[in-house]
Amino acid sequence: MTRLLNIGSINIDYVYQVPHFLRAGETLEAVSRAIFMGGKGLNQSVAAKRSGLEVIHLGVLGADGTFLRDFMQTEGIDVRFLRTDNTLPTGHTVIQVTPDAENAILYFAGTNHAIDRELVKKALQTLSPGDFVLMQNEVNDVAFFLNEAKKLGLVTVFNPAPYSPEVLNYPLDQVDVLIVNETEARGILGADLADDDEILKSLRERFPHAAIFLTLGKRGMKCDLGQGLQPMSFKAFKVKAVDTTGAGDTFVGYAVRALMAYRKTNDIDVFKTEIETAMLAAAMSVTREGAVPSIPKIDELTLDAQVGE
Ligand code: ADP
């Protein structure tokens, strides 16, 4: 079975309900606190695993992150390359949420910026050509990891989220599969194109050899696999949105599954069916609260949701 190595961030999200956002110099008592698992890396590993893939997660936790390791293991994610660094806290956010549901987020990368190059090289060497390597933009050394993965003939999938201008310095020609939302596409193109097809076309010009996925929230998704195939459009499933956190991550995990199936069969109809599954999984995640808890397992997917107009 084709394997997926995700070199990804893992966060602890500390969410505080507050009467108002902190002001300079103020001490304020929070009403309540809740702790959630997060990080785009963790979310995407969970999504890929729940889609039925074999997933190895490479990352670093602090001593405060033991529960995250336990959780990932329980999910069935291979944690062989999950290290603990006792000198740093696990990557985390401190989120203030006001009564109007506005939020303000303070992020500290912590161990997400302590990924060791040698560990990555070792993990990459356990893979075979044609296996997939997934990366987001929340860990250190993305450029190095992309180059190393390509040297070994692995399929590189890059989701440049959250977008930062540093992305433009990465060796983007080493990316085989690019998955972006509108914000990330705009950042990469440096232009504010209004039309979805124009955005996809500009991405194609910028990445002549990559398979490109442009996610468009409730408007769905457009992709261009290249290889002489016409760009494709997929509608989002119509659902009652409760919390869109994690929709993009759910899509990424399931899209990797679709790509693996396509590479195996070389059958575009198989790809289309699998992508519909990814769209359904992402839509279902929107109907539930939170990120990790909202990611559906493949055998939970139901067609109650309707395809959008
Ligand atoms: P991100 O969360 O990275 O910003 P998007 O908002 O583009 O990503 O969402 C990713 C995918 O999730 C979309 O392509 C779509 O399939 C699905 N999705 C997101 N929001 C909705 C929604 N309100 N209804 C149905 N599907 C949605």
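**Exercise 1. Determine how α5 and α6 are arranged relative to each other.**

Solution. Helix α5 (residues 182-189) and helix α6 (residues 196-206) have axes that come within 11 Å and cross at roughly 50°. Helices (H or I, at least four residues) and strands (E, at least two) are DSSP runs, numbered from the N terminus. Axes are lines fitted to C-alpha atoms, for helices over the stretch in contact, with angles from 0 to 180 degrees between N-to-C directions. Angles under 35 degrees count as roughly parallel, over 145 as roughly antiparallel, 65 to 115 as roughly perpendicular and the rest as oblique. The pair α5 and α6 is therefore oblique. Finally, the crossing of α5 and α6 is left-handed; this term applies if the near helix is turned anticlockwise from the far one by less than a right angle, and right-handed applies if clockwise.

The model is predicted: local features need pLDDT of at least 70, side-chain atom pairs count only at pLDDT 80 or more, and totals for chains, interfaces and linings use all residues. Residues are numbered from 1 along each chain as its sequence is written, and side-chain values use heavy atoms, with hydrogens and water left out.

**Exercise 2. Classify the packing of α7 against α1 and against α8.**

Solution. Begin with helix α1 (residues 40-50): its axis and that of α7 come within 7 Å and cross at roughly 45°. The two helices α1 and α7 are therefore oblique to each other, and their crossing is right-handed. Next, the axes of α7 and α8 are 8 Å apart, at an angle of about 165°. Helices α7 and α8 are therefore roughly antiparallel. The crossing of α7 and α8 is right-handed.

**Exercise 3. Describe the surroundings of the ligand.**

Solution. First, identify the shell: of the 16 residues around the ligand, N181, T215, G217, G220 and F237 come nearest, where a residue is near if one of its heavy atoms lies within 4 Å. Second, assign helices: α7 (247-265) and α8 (268-286) each supply at least two residues of the shell, and α8 gives the most, with 4 residues. Of the 550 Å² of accessible area that the ligand has on its own, the protein covers 82% (Shrake-Rupley method, 1.4 Å probe).

**Exercise 4. Locate the cis peptide bond and the positive phi value of A101.**

Solution. The cis peptide bond joins A161 and P162, with omega about -5°. Residue P162 lies in the loop between β9 (155-159) and β10 (177-181). Turning to A101, its phi is near 70°, a positive value in a residue other than glycine. A101 is in the loop between β6 (92-97) and β7 (103-108).
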